[in-house]
Amino acid sequence: MTSLFSMNPMIAKLALSFMVFSGSLQLAYAEQHGDHGHEAQEQGHSEEHDDHNEAQQGPNGGRLFHEGHLTVELALIEDSAEPEFRAWITDEGQPVSKAKLTVQLTRLGGETKAFEFKQLKTKMGDYLQGNGAVEEPHSFDVTVFLNHEGQTHTWQYENHEGRVEIKTEIANRAGISTQPAGPGEINQTLTVYGKAVADTSKISHIEARFPGIIKRVNVAIGDKVKKGQVLAVIESNESLNRYNVTAPFSGTITARHAAQGEQTEDQALFTLANFDSVWAEFQIFPTQSQRITTGQDVVVSLGERKANTRIEHLIPSTTGSPFMIARALLDNRSGQWTPGLLVEGKVTVKKVSTPLLIDNKAIQTFRDWQVTFIKVGNEYEFRPLELGLRDDENTEVLSGLKAGDEYVVDNSYLIKADLEKSGASHDH
Amino acid sequence: MIESILRLSIERRWLMLSFILVIFGAGIYSFQKLPIDAVPDITNVQVQINTEAPGYSPLESEQRITYPVETALAGIPQLSYTRSLSRYGLSQVTVVFEEGTDLYFARNLINESLGAIKNSLPPGLEPEMGPISTGLGEIFMYTVEAQEGAVQENGQPYDATALREIQDWIIKPQLALVKGVTEINTIGGFDKQYHVQPNPQSMLAYDISLEDIGQALRTNNSNRGAGFIERYGQQLLVRSPGQLQTIADIEQVIVKNLNGTPVKISDVAMVAIGKELRTGAATRDGKETVLGTAMMLVGENSRTVSLAVAQRLKEVQTTLPKGIELDSVYDRTTLVDKAIATVEKNLVEGALLVIAVLFLLLGNFRAALITAAVIPLAMLVTITGMVKTGVSANLMSLGALDFGLIVDGAVIIVENAIRRLAQAQHNNQNEKLPLKERLELVYQATNEVIRPSLFGVMIITVVYIPLFSLTGVEGKMFHPMAATVVMALLAALVLSLTIVPAMVAIFMSGKISEKESPLIVAAKRAYEPALKAAMKAKTVVLGTALGLVFISGWLATTLGSEFIPQLNEGDIALHAMRIPGTGLEQAVKMQSMLEERIKEFPQVDKVFAKIGTPEVATDPMPPNVADNFVMLKPRSEWPDPDMTQQELVKEIETAVKELPGNNYEFTQPIQMRFNELISGVRSDLGIKVFGDDLDQLLASANEILEVLEKVNGAADAKVEQVTGLPMLSVIPKRTAVARYGLNIAELQDLVATAIGGEESGLIFEGDRRFKIVVRLPEKTRLDINGLSSLPVSLPNGGYVPLSEVATLQTAPAPNQISRENGKRRVVVTANVRGRDLGSFVTDVKQQIASDVDLPAGYWLDYGGTFEQLESASERLSIVVPITLAIILGLLVMAFNSFKDAAIIFTGVPLALTGGIIALWMRDMPLSISAGVGFIALSGVAVLNGLVMLAFIRDLWHEKGDLAMAVVEGALIRLRPVLMTALVASLGFVPMALNTGTGAEVQRPLATVVIGGIISSTLLTLFVLPILYGLLHKKDKIKTEEV
C-alpha cells in the first residue's frame, strides 16, 4: 500500500491546477463585468470636486502643494454657509503663520478673482479662511501664490465642472445656436375669456312722444340711420297733428315694432343701436384678479380677428358669481364684433424693461438650479441663474449672467444632456 | 458481456453492417429537424407580461397594474422569481420559471392567473404575454421606406404615418403567417389616428365640454344589424349603417342643439389625421423609418425561418404601392451561415486530416477507411441524439467535437487487428487465412484491446461531467457542448464494440501487408534509442517533467483571463443613452446626428436604431435609450481589410463620443438581446434594498452607497437610477373644485383628454381600423403657461380657468419603479478591483450591518455575479474531485492496481502543462473554453497512458522481464499512441487556425488540446515507461493475474 502515498501528491497537484483554473475564472468574471458602461467622462458635481485623483489629498480633505519642506493644503468647503476656501500651511509639519497666501481663480471667459486669506481659530481647529464666497459654478483654473520668507511659490491646477467642449462643426450640425444676453422688455400676459356686449349707452328704445296712429314708417330692421333722420310719422290722437319720430343718434335699427296704421300705445317703436363700439366683458377669477387692473392693455381676439384696447373698468359681478368683470371698449366700426360673441383677451399684466433677459429656450434645470449655458470659444459652461419676471418668450435674469455673455439658445438641452450623460444608463 | 457482444458482432457481421443503414436513415431524418443557430440560447424560462397603459405615470402603473398582476402570480408552481418595472404607459412583469419548466405550461398557468384578476385592473387595460420567443428570437429586421419622389394616392409624399399604415396593414399580416414566426414587432412611424382637436374658445362659446364631444362621437359611429325579414319567400337582411368613414363625416357629427341650431364638430374642432403619442421610434441612416422585427418561435430553426421570412418579404414587396421599398437590414441567416461554415470547415478539415493520418500510420487503405467510417456514423448518431435531447447545432455544441477523439477507440482496435492479422498471415506463409480462423483472430485482437479502449473512451466521457454541473448562463453555454461530445463519444464507443469489429471481419479479408508504414518505422527507429537513453537518465527526465509542471503552474497565473471568449457576430450594436427625461423627438434628433456620423465610416453598410419601446414591449426602453445596429460591409470592401473589429469599434467610439449628450455601451446584436432578457444585476455585487417607500428606499440605498464606497476594492459603485423624470403635476384644489360644483374625476378627465387625448371610437377602412382621438390642438397642448388658463366647463354652464381649480407643479418624479418578488427595490451595485470577491463581499456585509440602520419593514438582499461565481466554484470544487475519483476508480477497475492507476494519472498534469504553454505561446487568456480543452486533454492523456501501460503490463506478466517488457511494450504501442495523439491533435488543428466567424470561441479549446497532447504524448512515451519501471522494480509478478 505504499502506492497510496505516492498518489496523494499527484491528486493534490491536479486539484491545484483545477483550483488555479477556477481562480482565474473569478478574475475573468470581474474583468468582464467590471468594465462596462463607465467610459463616459464623469462630469457630475461630486465627481469633479473630488477630482484629485492625481493630486495628493491632505488631512483636511484638501489638495496638497509642496515646495521643499513647505506644504500648502487648499480645500473648497461647501458645507459652510457659503462656499469658501480654507487653507493650511505647514513647514516641516509645523504650522506656518507668517506667510501670505493668495488664490486666484480664472473662470471661463477670462474673468479673474483673487482671494486673500486670514488666520481663523475655531473649535474645529485653526485654518486660513479665504475672504469672500466662492460663487457657483466651481469651475475655474486656480493659481495659488504663497509668499513665505521673501520667496514666492506658485502652483496651478484646473478645477473644471459643468464645462464641456464641443467642436464648432459638431455644434453647427447639432443646431446649437447662441446669442448675447442683453436688455429687453418683459411682456407678461394673462389669457381671459369673456363676451362682447353692446354699449348700453348706445341703445335706444324709441317710443312715440304722444300716443297716436302710425302713419308712415321709413325704416326697416337692419337699416342704418343718421342722427335726426325721420324714422316714422305719427298722427297724435289729441292734436291730430302729425309729427316725426327721428333718430337720436346714428345707428342701426335692430328691432321694429311699429307698423303703419297701428296705435303707438306705450310700446317702443324701434330699437336703435349703435355698435360702433362694443364692450368686451371678461370674467376675472379670484386667482387672476390681483394681476388685473384698469388701464392694462389687452389684445382681444376671436379666431383671426384681433383688436388692441385697454381695460376701462373693473367691476364686481352682479350675479353673485365669484368673478369680477373687466370691461374693455372695442372699436366696432367695421362691425366685426357682434355682441354675444365669446372672445379671448390677452391682458398685458406687466410690461417692464429689464437690463438683462434671456430666451426661455435657453433655460434648463441642472442639478438644483435653473441654468443657462454660456459659450466661450468652443467651450460651454453652465451659469446658475436667479430669474425674475418671465413672459412667453423671455425671462429676466437677476443674477448669474452678464450682459453680452454669449448664451446657448437653440438646443441648449444638448449641453445639459452632455453634462449629465455619465448618469445615463440602461437599467432594466 | 463485452465478449459476447463482440462475438455477436463478428458472427452476425452483416446484420451489424445493416445497422449502418438505420443510422444513416435516422441521422439524415434528424438532420432535417436539427435546429441550427449561431450560439446556444442562454435565455431562462421566462414569460413577460406587458400591460400597456396609455397615459399612466410610473407610480400609477405600478399601483394599478403591476401590483395586482404580481400578486396574482404568487404561488404559481415552478416559479423561480418575478421582477417587474413600471414606466410611463407600461407595466412589465417578467416571470422566471425554474429551469426545465415547459414554456407552454408556464404560459398556461399565467393565463389562468391573469384571467382571475381581470376585474381588479382598470377597465380597458389588458395584460398580454410577450411573444413565445427567446433571446435568439429577433432573427430578421427590415425597414419600410419610400423612394425619392414616391407619392400617396392623394398626391402627398409618404410620411411616417403612411409608412406605418403600410407596415401594419399590408406587410405585417402577410409576414405573420410565415411558419416559425410568432410575432412581427413594429417600431417607428406613427399609428394613424383621426384627431378631433377642439378649440377651447369655441367650446366655451357653445358651452360644450370635451366630454360632450367624446359622447357625440361615440353615439354617432356604429353600424347596427337588425335581423331579417321575409318578403315573398325571400330573406332580406336588415342593417342600419352609421359608421363614420371620412374626416368630413366626423366634422358633420352634431354635438349639441343650441336653441334649435345644431352645433357640429366642425364648429368647435378641427379634424385631421394626427399622430399618436408614441413611445418608440426607429431611425435608419439618420432618417426616421419604420422598422419591423420578425420574432422566431421558441425551438425553431433560425436559419430556416429567416430564409422563409426573406422569401416572403420578396413576395410582399410585389403587393406594395409603387415606390415603397422593403429592405432587410438584419438577417440572422448571414451569421448562422458564417458560423456553420466555420464549424463545417473545422469538422471537414479535421476529418480529412484524421483520415490522412490514419492512412499514413496504418499503412492500410481498408483499415484506414474502416476507422474513418466511424466519423460520419458517430456524427449521424450524435445528430439524432441532439434532436432527441433538444440540443441545437451551434458554435458551442459542435465546437468541441474532435473526430480525433472519436476515432481513438476504433483506432486502437483496428490497429491491433491488422497487426495480429498481418502476423497471422505471416505465420501462415502469406496465405489467406480461412474464414473461421480470421474471425477468431479478429475477435481475439479486438478483445485484447477493447477494455483499455472502452475505459479510455469512458474516461474521456467522464471528464466532461463537471461541465454539467455549471448552472445559469454558463450551464446553458456549455451543457450542449458537453452533451454533444458525450453523445458522440458514446456513439463511437458503441460503434467500436459492434460495427468496427464487424467491418474488420468483413473487409480485412485480403492480403494484409505486414509492412509498417515508413513513418512508423522511422519513428520507431528514433524512439528506441531515445527511450533507452531516457531509461538511463531517469532522474533527469522525471526532474524535467516535474520542473515543467511547476513552470507551467506559474505561467498559468500570468495568463490573462476572460470568462467566455465573445463570439464575434460581425456586426456592432450599441446602446446610445441620453439623460432620463429626454423626449422622444429630441432623442430622434440626437440619434440622426449619431447615425450620420457612424455612416461616414467606409466600413459601415447600414446603421439603424430602435428608440424607446416597440409596439410589443419585448424590450421596454425609455425614450432616452436607443439600440443601434451597425451593419458592416464585407471585409473586402473595407479600405483596410485587415483592420480588426475591435479597432473599428474603437474608432467609432472615439468619433461618436464627440457628439454631445450621448453615452454609449458597445456590444453586439445577439449579445445585447441576451443581456436585456437575462438582465438581473450585471455587476459583481448588487445590494438590493427592499421596502415600501421610494424616498426611504433611495435614502437607504444612498447610505449603503456611502458605506460601500469606503470599502477597500470597491469600484464603480452606484445607485440604480430611479428618479429624474420631470413631471408636471396638475393637483386639484379640493375646496375650489367643490365650490364650482366640479368633482376631481371630471377635472382629471379633462386634463387627461386635453393633454393625452381620449379614444372615442374607431374609423374602419376595410380591414384597417384607426382610432378617433379627442385631444387639444398641439399648440395648446404644448403651451405649459397657457395650460393654467385652460377653461374648465362647469356643470351648470360657464367656465373657470384651470389655475382656479388646480395647482400646476413641475418636479422630478420616479423614472421607473422596479420590483422583485412583489416588493419595491432599489439596487446598489459595485464592482471589485484588485481584491478577491469573496472577502470583499464579507467585508461589505459586515460594514453595512454595523453602519447602516434600516427602518422596520426594509431589508437587504445580496446578489450579483459573485453569487454565480461562488456557487460555480463551490460546485466545481465538489464535482471536480469526484470526477477525478471516478476516473481513478475506472483506472483501478481496469488494472486492479492502485499503483498503475496512479501512474497513469500523472499524465494529467503534464498534459495540462502543454496546454498552458500553448496558450501562453499564442498569447491567449484562460477562459472556460480553454477549460473545456483542459478537460478533454485530461481524458486523452489518461487514454494514452492506459493503452501504453496495459500493454506493458501484459507483456511483463507474459515474459516476466520488467525492463524488457517496458521497452518492448513501449515500442509496440508507439504506433497506437502516436496515432491517437496525432488524430486527436490534428483533428483540432483547423479549429485552432480558423479565423472565420465564431472561431474565437473554439480557438482556445483547440489550442489547449493540441499543446496538451504534444506534451502528454511525450509523457506517455518517456515518463510513463520510466515511472512504471521504477515503481514496479521491487514487485513480483503475480502469475495468477496473467
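## Helix packing in chain B

Helix 20 of chain B passes helix 21 of chain B in a right-handed crossing, and this description, like everything that follows, rests on a predicted model. Helix 20 spans residues 584–599 and helix 21 spans residues 645–657, and the two pack at an angle of about 140° with their axes 10 Å apart. Because angles over 145 degrees are needed for a roughly antiparallel pair, helix 20 of chain B and helix 21 of chain B count as oblique to each other.

On the side of helix 20 of chain B, the contact is made by Leu594(B), Arg597(B) and Ile598(B), which meet Ile652(B), Ala655(B) and Val656(B) in helix 21 of chain B. The residues of this contact divide into five nonpolar, no polar and one charged.

## Strand pairing in chain A

Strand 18 of chain A, residues 251–256, is joined by two bridges to strand 15, residues 224–225, and these strands run antiparallel. Within this pairing, Lys224(A) has Thr252(A) of strand 18 as its bridge partner.

Strand 18 of chain A also pairs with strand 19, residues 268–273, in the antiparallel sense and over four bridges. Here Ile253(A) stands opposite Leu272(A), which belongs to strand 19 of chain A.

Met1(B) is exposed because 5 other C-beta atoms lie within 10 Å, where the cut-off for an exposed residue is 12 or fewer. The C-alpha atoms of Met1(B) and Gly385(B) are separated by 25 Å, although these residues are 384 residues apart along the chain.

Key
Residues numbered from 1 in each chain as written. Chains lettered and ligands numbered in written order. Predicted model: local features only at pLDDT ≥ 70, side-chain atom pairs only at ≥ 80, totals over all residues. Pairing = 2+ DSSP bridges. Axes fitted to C-alpha atoms, helices over the stretch in contact; angles between N-to-C directions. Parallel < 35°, antiparallel > 145°, perpendicular 65-115°, else oblique. Left-handed = near helix turned anticlockwise from the far one by under 90°. Contact = placed C-beta atoms within 7 Å. Nonpolar A, V, L, I, M, F, W, Y, C, P; charged D, E, K, R; others polar. Buried ≥ 20, exposed ≤ 12 C-beta atoms within 10 Å, placed from the backbone.
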